[in-house]
Amino acid sequence: MNKYDRPEWTPDENNEAFATYVRKEEPLSSSMKKRWVKRKERSISEYVEGVLASDRTILAQAITLVESNAERHMAMAQQLLQQLLPHTGNSLRIGITGVPGAGKSTFIEAFGTFLCERGHRVAVLAVDPSSSLTGGSILGDKTRMEQLARHPRAFIRPSPSGGTLGGVHRKTRETMLLCEAAGYDVILIETVGVGQSEGMVRGMVDFFLLLALTGAGDELQGMKKGIMELVDAIVINKADGDNKKRAELAKAEYNQILHYLRHATKGWKTKAYTCSALLGEGIAEIWDVIQQFMEVTKKSGVFMERRRMQMKDWLYAMIKDYLETSFFAHPIVKQTLPSLEREVMDGKQPVTMAVQQLIEQYERGAR
Ligand SMILES: Nc1nc2c(ncn2[C@@H]2O[C@H](COP(=O)(O)OP(=O)(O)O)[C@@H](O)[C@H]2O)c(=O)[nH]1
Ligand SMILES: [Mg+2]
């Protein structure tokens, strides 16, 4: 011990006759530190007020709450959503899909910035059903939307990871509602996983856009017709430099095929367009198309009807998800299923009978 660490009048050694001694400061143990640093938890009303006041820090924390898989947080998040619900729904929800490398992030950067500059407030979310494996997707992306991320009117949130009860789907929808309550009037949702998230995103947006590339011939062959029937516009990106002519050709090809396909939205003809997300060309035209779409579908009632159906679908999806989770977690199912599975695989029991047997046991146990 250094002589400056203690008063001169203390004895050299600690001893019983002397009740106090000066102890050298010890570093905080990690558990102490955790307790020290842990933020005081916000109350629901603090969240509500913060989100409604468009406080970005509180909005981000509210989203974290919604994304949490902890039961206590889920209960809080639901109370929060309940209170915010009257302030939601006032945005235009746009989904953007396309193969990796099509330029989705670059497009969102250009389109989002364009909208911010016109006075809109833009929230960007990503849906990636595989993100629990790969980790935050937008941030791991090559294109990081640096310009948009710095814009005071924009809010970017990477993809949540799965977990129980609706996982990614529920979290993205609820995050969207929080952003709306915070005053973001355009929500852009980028799909990241290929081929698994299109249906999910279609189920939560008003306008769905497919970014495509030239070399359409091959791509068209490989592209599932199904996706083309889900979208409200096909935008051939990278229409710049040498690629410009080919993009125009691809546009014509797509338009020809679209002619024979079912349209995703009643009363709206899905068409192909070109743009260069990199140069910002064609972006304003796409915004015009989306505004036309809004006008047409709001007038015809298709817009509101879709939103109502989306809520209904969401309800049923959540019920199914809940039942599935609770079924497979039930002790009787957990106990019986492995042997039943073997019997079915070995051909000793027909599948239907095995299912019936399992359900009967489960229902008896659940009663
Ligand atoms: N020439 C050109 N390149 C582009 C354009 N849009 C995106 N890219 C490039 O294509 C690559 C993939 O873009 P990214 O936005 O990350 O695609 P994502 O995987 O669909 O999100 C990047 O290197 C971009 O710079 C465009 O309009 N023109
Ligand atoms: Mg991307």
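**Stop one: helices 2 and 3**

Select helix 2 (residues 44–52) and helix 3, which pack at an angle of about 125 degrees with their axes 8 Å apart. Axes here are lines fitted to C-alpha atoms, for helices over the stretch in contact, and angles run from 0 to 180 degrees between N-to-C directions. Helices (H or I, at least four residues) are DSSP runs, numbered from the N terminus. The angle makes helix 2 oblique to helix 3; angles under 35 degrees count as roughly parallel, over 145 as roughly antiparallel, 65 to 115 as roughly perpendicular and the rest as oblique.

Show side chains for Tyr47, Gly50 and Val51 of helix 2 and for Ile58, Leu59 and Ala62 of helix 3, which make the contact. Two residues are in contact if their C-beta atoms, placed from the backbone, lie within 7 Å. By class, this contact has five nonpolar, one polar and no charged residues. Ala, Val, Leu, Ile, Met, Phe, Trp, Tyr, Cys and Pro count as nonpolar, Asp, Glu, Lys and Arg as charged, and the others, Gly among them, as polar.

This is a predicted model, in which local features need pLDDT of at least 70 and side-chain atom pairs count only at pLDDT 80 or more, while totals for chains, interfaces and linings use all residues. Residues are numbered from 1 along each chain as its sequence is written, and chains are lettered from A and ligands numbered from 1 in the order in which they are written.

**Stop two: helices 3 and 9**

On the helix 3 side, pick Leu59, Ala62, Ile63, Val66 and Glu67; they meet Lys171, Glu174, Thr175 and Leu178 in helix 9. This contact has five nonpolar, one polar and three charged residues.

**Stop three: Glu174**

Center on Glu174 in helix 9. Is Glu174 buried or exposed? Glu174 is buried, because 23 other C-beta atoms lie within 10 Å; the cut-off for buried is 20 or more, with 12 or fewer counting as exposed and values in between as partly exposed. Not counting residues up to four places away in sequence, Glu174 touches Val66 and Leu81. Also select Gln78, 96 residues from Glu174 along the chain, with the two C-alpha atoms separated by 9.3 Å.

**Stop four: helix 15**

Finish at helix 15 (residues 302–329), whose end C-alpha atoms are 40 Å apart, in agreement with the 40 Å that its 28 residues should span at 1.5 Å a residue. The expected span is 1.5 Å times one less than the number of residues. The number of buried residues in helix 15 is zero, so this helix lies largely in the open.

Notes:
Helices (H or I, at least four residues) and strands (E, at least two) are DSSP runs, numbered from the N terminus.
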